[in-house]
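Hi,

Here's the structure I promised to pass along.

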Amino acid sequence: MRQAGRSLPEYFPIRGEGTILDAISHPDRAAEITLQPVRRYGVDAAILFSDIVTPVWASGFGIDITPGLGPECERPFTSADDLSRLRPLDPSTDLWFQAETIKTLVAELDVPLIGFAGAPFTLAAYLVEGRPSRDHAKVKSLMISQPDLWHQLCDRLAGMAVDTLTAQVEAGASVVQLFDSWAGALHPDHYRAYVRPHSERILAAMADLGVPTIHFGINTSELLDQFAEAGADVVGVDWRTSLVTARQRTGDRVALQGNLDPALILAPWDSVAAEVRRVLADNNGHPGHIFNLGHGVLPQTNPETLERVVALVHEEGNADGPSIGAPAGV
Ligand code: 1CP
């Protein structure tokens with residue numbers, strides 16, 4: 001449930017103005033922002049307050065997060081010369097603030113903490129496009145026209161993700177989520193050839209660490225079978241695909257996470273409650289389900305409605321809880 005904080009009035013004073021990377025790199029502020037939605041909503045897990053671009057930013061590539069827009073690069077990635085700008089991470093110095101934040105959180109939380117990283121395709125999309133993009137034309141063009149360079153770029157980004165996630169787990173994160181938010185923009189054959197091997201490498205490294213993994217993207221209806229084979233324990237599903245269809249496509253290989261449409265939470269409560277029940281009915285009591293939104297919380301969401309969503313899921317969700325040790329709840 002990305003950006004749960006944004007719906008809370010208590011978020012803004014502590015977040016401060018300007019780039020959120022400022023708040024992310026101050027452990028006391030990042031820990032407090034992580035805790036705010038857990039306190040308010042009573043969710044069954046916390047997600048670290050950070051961003052998928054934090055490791056690339058920390059390595060000095062020249063990326064920032066512009067308020068109201070998202071990640072932006074001073075000099076986007078265009079050629080082999082730019083590979084040298086993606087040096088390997090040393091998490092103990094580059095991401096020291098993340099380990100500190102996690103240690104503080106683990107001492108305070110009585111629910112699991114989810115660590116996360118961006119998957120190579122979604123990160124490459126920001127580095128090559130230079131900013132959020134609708135059509136992903138530049139990144140797709142680089143991918144199919146310069147496959148060697150593409151794989152070298154993804155190899156570096158996958159290495160950064162493994163190092164970041166390993167450091168998060170060593171500091172105390174008990175679940176990790178790999179965000180490949182924009183992979184759904186790809187044809188399944190392109191996903192298989194150009195993207196999946198790199199995400200598989202990250203998920204395999206996490207399996208070796210023995211930590212449960214969640215693999216998430218939006219618009220991935222046509223990729224769900226491949227997401228289920230890529231090595232995660234849980235696959236995130238957005239609201240465009242019913243959990244019934246998603247389960248047919250993934251089989252019993254993985255648990256599912258999702259998939260209430262965040263936009264529908266703005267409706268009056270009775271309509272929201274009916275939608276929550278519809279998601280639960282689609283799941284039909286299957287033990288391998290983490291109730292969640294299909295994507296991030298919209299900033300204009302009423303915190304009271306989210307609170308009621310969580311309470312309703314706790315009342316009516318599967319009392320047996322999840323089957324694989326991953327946290328249940330929004
Ligand atoms: O709930 C939380 O706040 C957890 C922390 C979190 C997470 C998990 C943030 C803070 N970002 C993310 C992941 C993230 N960041 C993803 C993957 C998940 C998803 O698809 O939603 C992506 C694609 C980003 C990139 C990003 N960062 C965007 C998207 C831009 C686009 O391409 O449309 C934006 C707007 C940001 C800024 C950002 N990161 C996080 C917050 C709370 C915000 C926005 C609000 C702010 O500036 O305070």
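Predicted model: local features only at pLDDT ≥ 70, side-chain atom pairs only at ≥ 80, totals over all residues.

Residues are numbered from 1 along each chain as its sequence is written, and side-chain values use heavy atoms, with hydrogens and water left out.

Let's start with H6, residues 96–108 (helices are DSSP runs of H or I, at least four residues; strands are E, at least two; both are numbered from the N terminus). Its 13 residues reach 19 Å from first C-alpha to last, close to the 18 Å expected at 1.5 Å a residue (that is, 1.5 Å times one less than the number of residues). Phe-97, Gln-98, Thr-101, Ile-102 and Leu-105 are its buried residues (under 20% relative accessible area, 1.4 Å probe, protein chains only). They sit on the same side of H6, because their arc around the axis is only 130 degrees (taken from the directions from the helix axis to the C-beta atoms). Among the elements covering them are H3, strand S4 and H9 (contact means heavy atoms within 4.5 Å).

Then there's H8, residues 137–145, where Val-139, Leu-142 and Met-143 are buried. These fall within an arc of 100 degrees, so they line one face of the helix. They pack against H7, H9 and H10.

Cheers

Technical notes. Buried < 20%, exposed > 50% of the residue type's maximum accessible area, 1.4 Å probe, protein only.
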